[in-house]
Amino acid sequence: MSKKVIIFGATAIVVIAIAIVVSKSAWTASGAAVPHIQSISPTSGQIGTVVTVQGTRFDSKNNTVLFGSGAIVNIPAQNGTLTFTVPAMLDPLCIYSRPSCKLPSQPTLPGSYSVSVMTKNGTSNAVTFTVF
């Protein structure tokens with residue numbers, strides 16, 4: 001537990017921050033389970049490679065794959081499997097929000113990228129995909 005004291009004139013206000021550790025079963029505060037990636041195949045490839053993600057607790061229609069700093073939206077899943085194509089450009093997730101941000105898309109360059117799946121219940125663990 002950490003404490004932070006904020007002084008307003010002669011009055012001191014103590015703010016207490018409490019860290020809550022969530023078990024590995026990955027349940028949100030509302031009781032809904034967040035997605036979990038078990039594997040991806042392949043684990044490396046070039047732009048245009050189709051990647052299969054195996055896991056649990058994906059949404060049947062509205063998954064977002066977070067690929068490095070980019071987002072690939074509205075990906076369906078069936079029986080714990082979803083697929084996406086390694087994009088040539090990484091669109092930031094905020095461009096899909098309302099109002100959208102003005103951040104530019106970035107080219108996908110060779111290197112390692114963190115891959116996770118986001119649903120309305122939260123974001124999965126991350127695995128690595130390498131673009132060559």
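**Close-up views of a predicted all-residue model**

View 1. At 21% relative accessibility, cysteine 101 is classed as partly exposed, a class that runs between buried (under 20% relative accessible area) and exposed (over 50%), computed with a 1.4 Å probe and protein chains only. The sulfur atoms of cysteine 94 and cysteine 101 lie 1.8 Å apart and form a disulfide, the term standing for a pair of cysteine sulfur atoms within 2.5 Å. A disulfide is a covalent bond that joins the sulfur atoms of two cysteines. The torsion about the S-S bond of cysteine 94 and cysteine 101 is about 65 degrees, so this disulfide is right-handed. The structure holds one disulfide.

The model is predicted: local features need pLDDT of at least 70 and side-chain atom pairs count only at pLDDT 80 or more, while totals for chains, interfaces and linings use all residues. Residues are numbered from 1 along each chain as its sequence is written, and side-chain values use heavy atoms, with hydrogens and water left out.

**View 2. The whole protein.** The protein has 13 strands and zero helices; both are DSSP runs numbered from the N terminus, with helices (H or I) of at least four residues and strands (E) of at least two. Of the 132 residues, 30% are buried. Among contacts with a separation of 6 or more, 42% are between residues 24 or more positions apart, a contact being heavy atoms within 4.5 Å.

**View 3. Aromatic pairs around phenylalanine 67.** The whole structure contains three aromatic pairs, meaning rings of Phe, Tyr and Trp (its six-membered ring) with centres within 6.5 Å; planes under 30 degrees apart are stacked, over 60 edge-to-face and the rest tilted. Phenylalanine 67 and phenylalanine 84 have ring centres 5.9 Å apart and planes at 65 degrees, so they are edge-to-face. Phenylalanine 67 belongs to strand S6 (residues 63–67) and phenylalanine 84 to strand S8 (residues 81–85), 17 residues apart. Phenylalanine 67 is buried at 0% relative accessible area, and phenylalanine 84 is buried at 3%. Phenylalanine 67 is also stacked with tyrosine 113, at 4.9 Å centre to centre and 15 degrees between the planes. Because tyrosine 113 lies in strand S11 and phenylalanine 67 in strand S6, this pair ties together parts that are 46 residues apart in sequence. Tyrosine 113 is buried, at 12% relative accessibility. One aromatic cluster is formed by Phe67, Phe84, Tyr113 and Phe129.

**View 4. The salt bridge between aspartate 59 and lysine 120.** The closest N and O atoms of aspartate 59 and lysine 120 are 3.5 Å apart, and the two residues form a salt bridge, that is, a side-chain nitrogen of Lys or Arg within 4 Å of a carboxyl oxygen of Asp or Glu. Aspartate 59 sits in the loop between strand S5 (50–56) and S6, and lysine 120 in the loop between S11 and strand S12 (122–123), 61 residues apart. Aspartate 59 is buried at 18%, whereas lysine 120 is exposed at 73%.

**View 5. The surroundings of threonine 119.** Threonine 119 is in strand S11 (residues 111–119). Its relative accessibility of 11% makes threonine 119 buried. Leaving aside residues up to four places away in sequence, threonine 119 touches Pro35, Arg57, Phe58, Asp59, Asn62 and Asn63.
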